[in-house]
Every structure is written in structure tokens, then in C-alpha cells.
Amino acid sequence: MTDDLGYIDYRRVLDLPEQYKPADVIRSYKKRMKQLMIEISDNEHAQERQEAYLLLIAQLNAAFYILRDRERGETYLRSREEVIQLEEDWRNANNNPADEDKWRRRYDQALRDFLALYMEEYVL
């Protein structure tokens, strides 16, 4: 679930194709949540894996909330790609300290903005 330098792609969380429809999000969310609930109820070690299950549920809920609205989902995906690109630019600027600092600052600001919007508003 975590590619692209460790950033979660919510389309993968819900097993969605690149080009998805809001109805696909709803259908996939319900299917994945149902599978997870069945797994939890059938698993005798569910208590030991409680934290992992809670993380999966949180990821499914965040993916559903963000991607179910086409505009919000597209904005999220653009912002995610921007943050990933800025991190790659920062990593590639390691020969010149001035450039490295400039890219780090741009990346830090973009990441703060991204997390403030998508983590605080949708997950909490």
C-alpha cells in the first residue's frame, strides 16, 4: 500500500484503477470493509492484531472520504504527486548545499500544507 517514497495511494487502499468513478469508491469501500470485518470476526488472534486492524480501518475510511468526491479526490492526487516530486527534487539536489536547502524548504512547506489539509481534516 505504500509506494512512491512511502506515501499511501488511497486508490490502492481501495483497489481502484487509475480512472475510477465515485460509485467505484463506494462499492470498493463496502467490499473491503466487509472483508475486513469478516477477517476480524473469524481470526482468533484478532486481539493481538488490533492495532493493525485499526490502521487498516482508518486507511479505508480516509480513502473513502477523500476519493468519494471526484473534485476532492483529484485535488488530493495532484497534491500527493506534487509532494512526491518535491521530495525527489530535494533528494537529487544533494551536490549543491544552496539548492538542497531551497528544495528542502519547498518540500517542507508543501508537506505541511498537505498533511494539514488531508490528515487533520479527514482523519481526525
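**Asn61 is partly exposed, with 34% relative accessible area.** Relative accessible area is computed with a 1.4 Å probe on protein chains only, and residues are called buried under 20%, exposed over 50% and partly exposed in between. Please keep in mind that this is a predicted model, where local features need pLDDT of at least 70 and side-chain atom pairs count only at pLDDT 80 or more, while totals for chains, interfaces and linings use all residues. Residues are numbered from 1 along each chain as its sequence is written, and side-chain values use heavy atoms, leaving out hydrogens and water. Asn61 belongs to helix H3; helices (H or I, at least four residues) and strands (E, at least two) are DSSP runs numbered from the N terminus. Setting aside neighbours within four places in sequence, Asn61 is in contact (heavy atoms within 4.5 Å) with Tyr29 and Met33. Between the C-alpha atoms of Asn61 and Arg72, 11 residues apart along the chain, there are 15 Å.

**Here is helix H3, with its buried residues.** H3 has 18 residues and spans 26 Å from first C-alpha to last, close to the 26 Å expected at 1.5 Å a residue. That expected span is 1.5 Å times one less than the number of residues. Which residues of H3 are buried? They are Tyr53, Gln59, Leu60, Ala62, Ala63, Phe64, Ile66 and Leu67.

**The largest nonpolar core has 28 residues.** Such a core is a set of buried Ala, Val, Leu, Ile, Met, Phe, Trp, Tyr and Cys residues joined through side-chain atoms within 4.5 Å. Tyr10, Leu14, Val25, Leu60, Leu67 and Tyr76 have the most contacts inside this core. Helices H1 (10–13), H2 (22–42), H3, H4 and H5 each supply at least two of its residues, and H3 gives the most, with 7. Look at Tyr76 too: beyond four places in sequence, Tyr76 touches Ile8, Tyr10, Ile66, Leu67, Phe114 and Tyr118.

**The largest pocket holds about 270 Å³ of space.** On a 1 Å grid over the protein atoms alone, a pocket is an open set of points where a 1.4 Å probe fits, with protein on both sides within 12 Å along at least five of seven lines; lining residues have an atom within 4 Å of a point. Points are joined across faces, edges and corners, and the volume is the space filled by probe spheres set on them. Of the 17 lining residues, Ile8, Tyr10, Tyr76, Leu115 and Met119 lie nearest the centre. Strand S2 (7–8) and helices H3 (50–67), H4 (70–92) and H5 (97–120) each supply at least two residues of the lining. The lining divides into 14 nonpolar, 2 polar and 1 charged; Ala, Val, Leu, Ile, Met, Phe, Trp, Tyr, Cys and Pro count as nonpolar, Asp, Glu, Lys and Arg as charged, and the others, Gly among them, as polar.

**Asp15 sits in the loop between H1 and H2.** Is Asp15 buried or exposed? Asp15 is exposed, at 57% relative accessible area. Its phi is near 55°, a positive value in a residue other than glycine. Most residues other than glycine have a negative phi.

**Ile40 lies in helix H2, and Leu117 in helix H5.** Ile40 is partly exposed at 23% relative accessibility. From Ile40 to Arg105, 65 residues apart in sequence, the C-alpha to C-alpha distance is 43 Å. Leu117 is partly exposed, at 34%.
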